[in-house]
Amino acid sequence: MTEARARARTERGDSRFAQGFALFAECLLTGVWIAVASLPLVSYPAAFAAGSRHLGRLLAHERGGLREFAADFRAALRRGWIVGVAGWAALAVVWVDVRAVREGVPLGPLVGSVGVLALIGAAVAGLRAAATWRPGASWRSLLARAGRRTVLDPAGSFLIVGGLAVVVCSAWFSAPLAVAVLGAVAAAAVAVEERHRRR
């Protein structure tokens, strides 16, 4: 069905380049929406879930916009804020680990490395869970399944890590650029989950 719609658009005169550029522009706009919705700090899982749903609708050629994004964000935030708090707690634990490494604690480098890798894995699992979120879904079960996929699908997980690295590099280069790139990370998570689903 999607291929037929894409073919119809191409026949109408929309080139693949125009379609790709429209998707890229929508990713950048979605990144701004995600950044604004993440301002309360604990709402970032819900923001990524709503952004992923928006991009999924766009790829399925369904109607969607800011109103639908806001409705999904409110629904995801009902339990998603707990995931946000847990994410900040994990970051605090890793920060303490890194401080311990700098203080010269025995086995500090090993503990610090394990902590950083665990944090990256948790971030990837969180993004994969957000990419599959639907209204009424349990965050606990989404995260459990996403954690398994993170380990069992290393290629997809590395793609998401690459997207996160782009955000970090963009923030280092220019903070406003990192805001827009958040949408590309959500798109990467959606693409990775779709790839995994079709395997």
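Biologist: Where does L41 lie?
Modeller: L41 is in the loop between α2 and α3. Keep in mind that this is a predicted model.
Biologist: What is phi for L41?
Modeller: Phi of L41 is near 75°. That is a positive value, and L41 is not a glycine.
Biologist: OK. And H61, what is its phi?
Modeller: H61 has a positive phi of about 60°, and H61 is not a glycine either. H61 lies in the loop between α3 and α4.
Biologist: How does H61 count in terms of accessibility?
Modeller: H61 counts as partly exposed, because its relative accessibility is 25%. The buried class stops under 20%.
Biologist: Back to the loop between α2 and α3. Is S38 there buried or exposed?
Modeller: S38 is found in that loop. Its relative accessibility is 16%, so S38 counts as buried.
Biologist: What does S38 touch?
Modeller: S43, Y44 and A47, leaving out residues up to four places away in sequence.
Biologist: How far apart are S38 and A146?
Modeller: They are 21 Å apart in space, C-alpha to C-alpha. In sequence they are 108 residues apart.
Biologist: New topic. How many residues are in the largest nonpolar core?
Modeller: That core has 34 residues. I34, F48 and W139 have the most contacts inside it.
Biologist: Which helices supply at least two residues each?
Modeller: α2 (16–37), α3 (44–59), α4 (66–102), α5 (108–132), α6, α7 (154–173) and α8 (175–198). The largest share comes from α8, with eight residues.
Biologist: Tell me about I34. Which helix is it in?
Modeller: I34 is found in helix α2. Its relative accessibility is 0%, so I34 counts as buried.
Biologist: And what does I34 touch?
Modeller: Setting aside residues up to four places away in sequence, I34 touches A47, F48, G51, F69, L182, G183 and A186.
Biologist: How far is I34 from A75?
Modeller: The C-alpha atoms of I34 and A75 are 15 Å apart. The two residues are 41 apart in sequence.
Biologist: What about A187, where is that?
Modeller: A187 is in helix α8. A187 is partly exposed, because its relative accessible area is 23%.
Biologist: What is A187 in contact with?
Modeller: C27 and L55, leaving aside neighbours within four places in sequence.
Biologist: And how far is A187 from S52?
Modeller: Their C-alpha atoms are separated by 6.6 Å. Along the chain, A187 and S52 are 135 residues apart.
Biologist: Let's do helix packing. At what angle do α5 and α6 pack?
Modeller: At about 120°, with their axes 8 Å apart. Roughly perpendicular covers 65 to 115 degrees, and α5 and α6 are therefore oblique to each other. α5 passes α6 in a right-handed crossing.
Biologist: Which residues make that contact?
Modeller: From α5, they are G121, V124, A125, G126, R128, A129, A130 and T132. From α6, they are W139, L142, L143, A146, G147, R149 and T150.
Biologist: How do the residues of the contact of α5 with α6 divide?
Modeller: There are eight nonpolar, five polar and two charged residues.
Biologist: T150 is in that list. Is it buried or exposed?
Modeller: T150 has 14% relative accessibility, so T150 counts as buried. T150 is found in helix α6, which covers residues 139–152.
Biologist: What does T150 touch?
Modeller: Not counting residues up to four places away in sequence, T150 touches G121, V124, A125, R128 and S157.
Biologist: Last pair. What's the angle between α5 and α7?
Modeller: About 100°, with the axes 10 Å apart. α5 and α7 are therefore roughly perpendicular to each other.
Biologist: And which residues make that contact?
Modeller: α5 gives I120, A123, V124, L127 and R128. α7 gives G156, S157, I160, V161 and L164. The residues of this contact divide into seven nonpolar, two polar and one charged.

Definitions and conventions: Residues are numbered from 1 along each chain as its sequence is written. This is a predicted model: local features need pLDDT of at least 70, side-chain atom pairs count only at pLDDT 80 or more; totals for chains, interfaces and linings use all residues. Side-chain values use heavy atoms; hydrogens and water are left out. Helices (H or I, at least four residues) and strands (E, at least two) are DSSP runs, numbered from the N terminus. Buried means under 20% relative accessible area, exposed over 50%, partly exposed in between (1.4 Å probe, protein chains only). Contact means heavy atoms within 4.5 Å. A nonpolar core is a set of buried Ala, Val, Leu, Ile, Met, Phe, Trp, Tyr and Cys residues joined through side-chain atoms within 4.5 Å. Axes are lines fitted to C-alpha atoms, for helices over the stretch in contact, and angles run from 0 to 180 degrees between N-to-C directions. Angles under 35 degrees count as roughly parallel, over 145 as roughly antiparallel, 65 to 115 as roughly perpendicular and the rest as oblique. A crossing is left-handed if the near helix is turned anticlockwise from the far one by less than a right angle, and right-handed if clockwise. Ala, Val, Leu, Ile, Met, Phe, Trp, Tyr, Cys and Pro count as nonpolar, Asp, Glu, Lys and Arg as charged, and the others, Gly among them, as polar.
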